[in-house]
Amino acid sequence: MNEHWHIVGIGAIGCLFADALACAGCDITLVGRPSDSRSSALISIDGLGGHRQHRFELTNAAGQSAIDRLLVTTKAQDASTAVCDIAHRLAPTTDIVLMVNGMGILEELQAQLPQLSFYLGTTTQGAYRNGPGQIRHAGTGTTRIGNLAAETAPAWFASWQSATEDCYWDDNIQQALWHKLAVNCAINPQTAMYGCLNGELAENSDYLKTTGLLCAEISQVLLALGHHTLAQELYSSVLQVIKGTANNRSSMLQDVTAGRATEINYITGHLLRTAESLGLELPLNRQMLRRIIELAH
Ligand code: KPL
């Protein structure tokens, strides 16, 4: 029997991995919103690997069959509800991979569904939606998966490795997540506030100064958590990402422009909650959080 993955959160990244896992021989079922009563969905992927179309089975929270493997690629603020909605289909043996921007979702889910265990993933693959079910794969990237117990890779990880290039099992996934979070804290709120492309953060001297100050605050948290190298290299790492994604509109800028809720509570919000628990004050990051919350209302 083929490995069967359910995917909840059928935006660009969810569809990208649906396509990749299907091409690696896995069966795929997409999990739509409760209001989505279609029984299948047509997904087109264009870009780096040419053009491919799949018609995937679609289910929703009303479905009853057991889920063996679940990939969660929703927006951070939707992840807990999306997983809780299908909790009746999950068991302690279900493999659940949370591949969601930001941090803090794992803790939310562990509090609500303590019987389940989770893997954590992060990817720098670039993809965006051109329309319903129409995905453009815009850039290759690295995918990392691991769990807090730092166990060895489970058997299903082999499918991921054949599905997507540059896919690694990470014994220190927390560090990878902190790296992404720190970079996102420095870039996303600023681009959303100034309405600018990522690259403009390096071109405008005021923005560049703010980037440096944000990085200095974020590094205090990374240091306190023991991520010394991340802390030391944060500013240069952020500049590298700004350069490498210069023409991108950050996900937060896209959310603000579209009038959608942002992931700020799971990005800067998580940073500030962690800082508080460590007795640290990060005034500039706090100001960013406030400004984005104001903007999004
Ligand atoms: O992850 C990103 C995002 O937009 O959320 C960056 C790295 C900033 C690329 O745009």
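Hi everyone, let's begin with strand S2, residues 27-31, where 4 of the 5 residues are buried, meaning under 20% relative accessible area, with exposed being over 50% and partly exposed in between (1.4 Å probe, protein chains only). Strands here are DSSP runs of E with at least two residues, helices are runs of H or I with at least four, and both are numbered from the N terminus.

Before we go on, a word on the source: this is a predicted model, in which local features need pLDDT of at least 70 and side-chain atom pairs count only at pLDDT 80 or more, while totals for chains, interfaces and linings use all residues. Residues are numbered from 1 along each chain as its sequence is written, and side-chain values use heavy atoms, leaving out hydrogens and water.

Now, what does S2 pair with? Strand S1, residues 4-8, runs parallel to S2 and is joined to it by 5 bridges; two strands pair if DSSP finds at least two bridges between them. In that pairing, histidine 6 sits opposite threonine 29 of S2. S2 is also joined to strand S4, residues 50-59, by 3 bridges, and these two run parallel. There, valine 31 stands opposite threonine 59.

Let's move to the ligand. Which residues surround the ligand? They are Lys180, Asn184, Ile187, Asn188, Asn198, Val241, Asn248, Ser250 and Ser251, where a residue counts if one of its heavy atoms lies within 4 Å. Helix H5, residues 173-194, gives the most to this shell, with 4 residues.

Looking at ligand oxygen atoms, a polar side-chain atom of lysine 180 lies 3.1 Å from one. For asparagine 184, a side-chain N or O atom is 3.0 Å from a ligand oxygen, and for asparagine 188 that distance is 3.0 Å. Taken alone the ligand exposes 280 Å², and the protein buries 84% of that, using Shrake-Rupley areas with a 1.4 Å probe.

Serine 251 is partly exposed because its relative accessible area is 24%. Leaving aside neighbours within four places in sequence, serine 251 contacts Asn101, Asn188 and Glu263, with contact meaning heavy atoms within 4.5 Å. The C-alpha atoms of serine 251 and asparagine 2 are 34 Å apart.

Methods
Polar contact = N/O pair within 3.5 Å; in protein donor to acceptor, adjacent residues only side chain to side chain.
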